[in-house]
Amino acid sequence: MEEPVQNERAPVIEPGYTLGSVTDKISSIVLTRPTSDSWFIGFGVMFLLTMMLLFAMGYLFVKGVGIWGVTIPIGWGFAIVNFVWWIGIGHAGTLISAILLLLRQSWRNSINRFAEAMTLFAVASAGIFPLIHVGRPWLAYWLFPYPNTMRVWPQFRSPLVWDVFAVSTYATISALFWFIGLIPDLATLRDRSEERWKKIIYGMLAMGWRGSARHWHRYETAYLLLAGLATPLVLSVHTVVSFDFAVGIVPGWHTTIFPPYFVAGAIYSGFAMVLMLAIPIRKIYKLEDFITERHLQNSAKVMLATGLIVAYGYGIEAFMGWYSGNRYDAFLLWNRLHGPYSFFYYMLLICNLGIPQVLWIPKLRSSPVWLFLVSLVVLVGMWLERFIIVVVSLHRDFLTSSWGMYYPTRWDWMTYIGTIGMFLAAMFLFVRLLPMISIFEMRTLLPEAEVKE
Amino acid sequence: MKRAKVYGMMAEFDSVHTLLDAANRTREAGFKKIDAYSPFPIEGLAEAIGFHHDEVPLVVLIGGIIGGLTGYLMQYWISVVSYPVNVGGKPYHSWPSFIIVTFEMTILFAGIAAVFGMLALNGLPMPYHPVFNSPRFAFASKDRFFLMVFSSDPKYQPAEVRSFLEGLHPRSISEVPD
């Protein structure tokens, strides 16, 4: 007898669980676990930050975008930096839920639910920025084509209009994907609730799901097709975001490397956010059996791979600055390395290219503390990348006479930090009110669920 | 005198295998109107209860085609017919620029068709359904598996169905009122 090859990787789900115990463990977090004081404190702080966001936006609506640091030549300041940063973070959720489903990576089953929630809240945070950045936000609906008495229509040769369609489609499909994933679990919560009002609320949301074989069959078909649709969609969204830049003729924007480099950067920062959320969640809610070392390791490997693609993007940008022979492109490179914002460029290289390479060491890759810190560094680095792309490219372009500097104001910071607060407040509510791990998909991973021929 | 209406006879099973086996044997015994309930999707169960026609892919295809056509024709009509604007000397009908929005609209309509088509074909939302009258049925969303023979089946005779289901060794059998 030949010895079977030992699989040394950590399991996707620790052994010993049954259909019943998986169900109880995840649903009890929502149904019976008392709400802790630290939850209230955490949610309260994030709620206050959300209020700060609303205050900053309210003041913006009263005074106008002059309260921000945006000036000519830097017309795209924090708003666009933060928009690209947030929408990029969202991409990891769709990658986990759709692309890994198509690739039959069953380890995704325990992290897809909250990664999708993360996507939804990140897209919501992202969506705020272009809308309040338009100057007259009460007319933001002009972005959509609708019959109007002015008899004007959007101009469909503009990437900014493409972006409206890409982001709104992305938000809609992400919400639908998340919701249909929730339906069977909402039915579980309906059947497990003790209190009548909970039964009614979860019951209405579950829409009468009863787990019929006919329903499951159509459900799986729809879910798979939706994953197949979301896969090209998610790749298209950051591609279109990069077109916002690449179609312009500004040095540092007008490059063909942008779409793949943006998509890789999006997934890079998104997995960093997934890890930053998963590591505390699995600790606090004692879900180490479901979100195992394997998940952390795999996420770290995705970060390493996408980080190297991003590094390739930086390399090509620098190379083309020299190889193109274009003096403005060459100057951009010089300005990044030696200009007034050079500190941020070096920080970017350290955060995105330097520090994450520690993940090559298996021991650090499986250490939650290290992963958490590296993820934080990557999120900062990816924010700096968008800052470099937006601000450094714009502040010194063709004519020396039109050079300028960009200094964010307190309102810029309040808006940015406010969206982080809103994002985390929504995550706090999500983990309290909905099953943060897909219960029915976890059931399919158990040995009991195997169909033997 | 009219008897209380019955929705069907329900048998409860412990495992995927006993349910699959029971579903296959029930279908082979000639029962046509049957259904099975499980806490997660089971490969082969739909075939076992005799369900073959899944229209969801067709709905999604139609949704995608409508979305793509809507996206492209909308841009064509706006840019060429209703509001022609000369942008950098590009033709009014600059089709390469229209690809992105056409693509996004295809995905949007197909995705909406997938979700709402699936729900509509499943008859959801459905606030009331007789299967929930069975007190054991709450475990169908946890760790139990159920097989149902509907009373609308032409072969449905309460005593015979019950003895047939008993032969499948379920954990329990109950008659579900309508």
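**Reading a predicted two-chain model**

Modeller: In chain A, helix H4 (residues 112-133) packs against helix H14 (residues 410-433) at an angle of about 150 degrees, and their axes are 10 Å apart. This is a predicted model, in which local features need pLDDT of at least 70 and side-chain atom pairs count only at pLDDT 80 or more, while totals for chains, interfaces and linings use all residues. Residues are numbered from 1 along each chain as its sequence is written, and chains are lettered from A and ligands numbered from 1 in the order in which they are written.

Biologist: What makes H4(A) and H14(A) count as roughly antiparallel?

Modeller: Axes are lines fitted to C-alpha atoms, for helices over the stretch in contact, and the angle between N-to-C directions runs from 0 to 180 degrees. Angles under 35 degrees count as roughly parallel, over 145 as roughly antiparallel, 65 to 115 as roughly perpendicular and the rest as oblique. The angle here is about 150 degrees, and H4(A) and H14(A) are therefore roughly antiparallel. Their crossing is right-handed, a word used when the near helix is turned clockwise from the far one by less than a right angle, with left-handed kept for anticlockwise.

Biologist: Which residues of H4(A) and H14(A) meet?

Modeller: From H4(A) come A:Ala117, A:Phe121, A:Ala122, A:Ser125 and A:Ile128, and they meet A:Thr419, A:Met422, A:Phe423, A:Ala426, A:Met427 and A:Phe430 of H14(A). Residues are in contact if their C-beta atoms, placed from the backbone, lie within 7 Å. By class, this contact has nine nonpolar, two polar and no charged residues; Ala, Val, Leu, Ile, Met, Phe, Trp, Tyr, Cys and Pro count as nonpolar, Asp, Glu, Lys and Arg as charged, and the others, Gly among them, as polar.

Biologist: How is the crossing of H8(A) and H13(A) handed, left or right?

Modeller: That crossing is left-handed. Helix H8 (residues 258-284) and helix H13 (residues 368-395) of chain A pack at about 140 degrees, with their axes 8 Å apart. The residues that meet include A:Tyr268 and A:Met276 in H8(A) and A:Phe372 and A:Glu385 in H13(A). The contact of H8(A) with H13(A) divides into 13 nonpolar, three polar and one charged residues.

Biologist: Why is chain A called as compact as a globular protein of its length?

Modeller: The radius of gyration, taken over C-alpha atoms, is set against the globule rule of 2.2 Å times the number of residues to the power 0.38. Chain A has a value of 23 Å, close to the 22 Å that the rule gives for 453 residues, so it is as compact as a globular protein of that length. Its secondary structure comes to 15 helices and zero strands, where helices (H or I, at least four residues) and strands (E, at least two) are DSSP runs numbered from the N terminus.

Biologist: What makes chain B more spread out than a compact globule?

Modeller: For 178 residues the globule rule gives 16 Å, and the radius of gyration of chain B, 25 Å, is well over that, so chain B is more spread out than a compact globule. Its C-alpha trace spans about 80 × 40 × 30 Å along its principal axes. Chain B has five helices and four strands, which run β-α-β-α-α-α-β-α-β from the N terminus on.

Biologist: How many residues does each chain bring to the contact between them?

Modeller: Chain B brings 59 residues and chain A brings 50. On the side of chain B, the largest share, 15 residues, comes from H4(B), and that side divides into 39 nonpolar, 13 polar and seven charged residues.

Biologist: Why does B:His169 count as exposed?

Modeller: B:His169 has 12 C-beta neighbours inside 10 Å, so it counts as exposed. B:His169 sits in the loop between helix H5 (158-166) and strand E4 (172-177) of chain B, with a positive phi near 60 degrees.

How values were computed:
Two residues are in contact if their C-beta atoms, placed from the backbone, lie within 7 Å. A residue is buried if 20 or more other C-beta atoms lie within 10 Å of its own, exposed if 12 or fewer, and partly exposed in between; C-beta atoms are placed from the backbone.
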